[in-house]
Amino acid sequence: MKVFEYLNELEHERVIFCSNPEIGLKSIIAIHSTTLGPALGGVRMWPYRSEEEALLDVLRLSRGMTYKAATAGLNLGGGKAVIIGDPKKDKSEALFRAFGRFVDQLGGDYITAEDVGTDMEDMETILIETKWVCGVSPAHGGSGDPSPVTAYGVLQGMKAAVKLKMPDKELGDLSVAIQGLGSVGYHLAKYLRDLGSKIFGADIDPEANDIAAEELGVEIVSPDDIFDIECDIFSPCALGGVLNDDTIPRMKCKIVAGAANNQLADEKRHAEMIYKRGILYAPDFVINAGGLINVYNELIGEYNQERALRMTRGIYLNLLRIFQLAQENDMTPTEAASKAAIERIENIKKLGSRHWDKFIKR
Ligand code: NAD
């Protein structure tokens with residue numbers, strides 16, 4: 001692997017390798033951009049098969065955070081960290097404290113949070129060593145579980161897509177198929193149930209299916225069949241890479257709008273494939289920004305959920321703007337969203353020296 005070529009291509013500002021052999025910490029922090037603000041992004045703990053795989057993941061994910069924050073209009077850059085290890089076996093207080101010390105050394109240029117394989121408890125261990133962590137519990141002045149806010153943001157994005165694609169309809173008149181009935185999927189189903197939408201759902205965890213069916217009246221289908229369901233909106237809320245050569249031709253929906261990160265297996269090719277099928281795709285990093293908006297609200301003053309929800313409602317107008325930009329330029333919404341993100345970053349870069357210290361309160 002040509003590490004420096006890859007770094008130059010994705011244009012990272014800094015990549016920090018963090019090692020503490022006595023404790024067993026092997027971690028990489030990638031700061032992609034601090035033009036708009038500190039590089040905020042979660043720390044993922046995963047048993048990567050190789051160090052190369054971990055490096056590629058953190059480089060790709062940190063760039064994604066830059067685009068997500070930029071399109072959401074937040075004063076945040078993009079960063080991410082990975083810890084190589086099995087979250088089921090390798091977690092310890094010392095591990096997260098050692099990681100916290102590396103984060104602290106960066107003086108706020110990188111702010112960490114929870115991600116796949118890490119949780120609120122781990123963030124509170126990191127908090128012992130550094131103030132540059134968010135997503136801690138409300139008892140520590142944090143914002144707690146972000147998934148209800150993420151689901152609320154997805155709902156706003158769905159409304160925007162419906163306004164464009166089916167202007168004479170309301171979300172409550174439509175059917176939605178949700179893949180993944182975990183934290184975000186469940187809350188999304190609840191919002192949709194309140195509006196009166198018909199909801200199909202599928203999870204590989206039978207317990208999640210039972211809860212959604214019993215509590216919210218979701219009609220459960222098998223995880224293999226969820227792509228074939230005749231519905232108005234397909235909502236990926238499970239894993240990445242689900243929009244691919246196999247699934248896109250099968251979809252019988254008018255809109256794809258869901259929370260999962262990196263939904264397109266190949267960002268360019270599969271966005272075009274969906275576009276050519278006449279399906280409106282809400283770019284994942286725009287529609288799922290509610291969780292990031294939620295933690296951002298911890299940084300700009302005392303956390304206030306009302307303010308976080310209010311900002312999250314902005315996803316509606318934000319997506320309409322991106323759909324419009326896509327139409328005007330005859331490009332996919334994903335390309336339009338990237339274009340909008342790059343333009344904002346380039347414009348703010350012209351302001352010159354770092355200006356963001358005044359709105360991050362820590
Ligand atoms: P979660 O782990 O609580 O839920 C995911 C659910 O998907 C689980 O119940 C799992 O069993 C199910 N699942 C996995 N593979 C499946 C498959 N093939 N078919 C059907 N179900 C499957 O995670 P979450 O917090 O709800 O997040 C969902 C997605 O949204 C993830 O991709 C996450 O990265 C993304 N996301 C979450 C947030 C947030 O605030 N939690 C914010 C932004 C993005």
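1. Please keep in mind that the model is predicted.

2. The ligand is surrounded by 20 residues. Thr150, Ser183, Val184, Asp203 and Ala238 are the closest of these. Two helices, helix 5 (147–165) and helix 6 (183–195), each contribute at least two residues to the shell.

3. Which atoms of Thr150 and Asp203 face the oxygen atoms of the ligand at 2.6 Å? For Thr150, an N or O atom of the side chain is 2.6 Å from a ligand oxygen. For Asp203, an N or O atom of the side chain is likewise 2.6 Å from an oxygen atom of the ligand. Ile204 takes part through its backbone, where an N or O atom lies 3.5 Å from a nitrogen atom of the ligand. The ligand on its own exposes 830 Å², and the protein buries 73% of that area.

4. On the domains, the chain is divided into domain 1 (3–67 + 76–136) and domain 2 (147–289 + 317–343). The C-alpha centres of domain 1 and domain 2 are 28 Å apart.

5. There are three aromatic pairs in the structure. For Tyr152 and Tyr191, the ring centres are 5.5 Å apart and the planes meet at 50°, so this pair is tilted. Tyr152 belongs to helix 5 and Tyr191 to helix 6, so the pair ties together parts 39 residues apart in sequence.

6. Are Tyr152 and Tyr191 buried or partly exposed? Tyr152 has a relative accessibility of 14% and therefore counts as buried, because the cut-off for buried is under 20%. Tyr191, at 26%, counts as partly exposed.

7. Another of the pairs is formed by Phe227 and Phe234, with ring centres 5.3 Å apart and planes at 50°, so this pair is also tilted. Phe227 and Phe234 are both buried.

Terms used. Residues numbered from 1 in each chain as written. Predicted model: local features only at pLDDT ≥ 70, side-chain atom pairs only at ≥ 80, totals over all residues. Heavy atoms only, no water. Near = heavy atom within 4 Å. Polar contact = N/O pair within 3.5 Å; in protein donor to acceptor, adjacent residues only side chain to side chain. Areas by Shrake-Rupley, 256 points an atom, 1.4 Å probe, with all protein chains shown as cover. Helix = DSSP H or I, 4+ residues; strand = E, 2+ residues; numbered from the N terminus. Domains from an automatic or database assignment. Phe/Tyr/Trp six-rings, centres within 6.5 Å; stacked < 30°, edge-to-face > 60°. Buried < 20%, exposed > 50% of the residue type's maximum accessible area, 1.4 Å probe, protein only.
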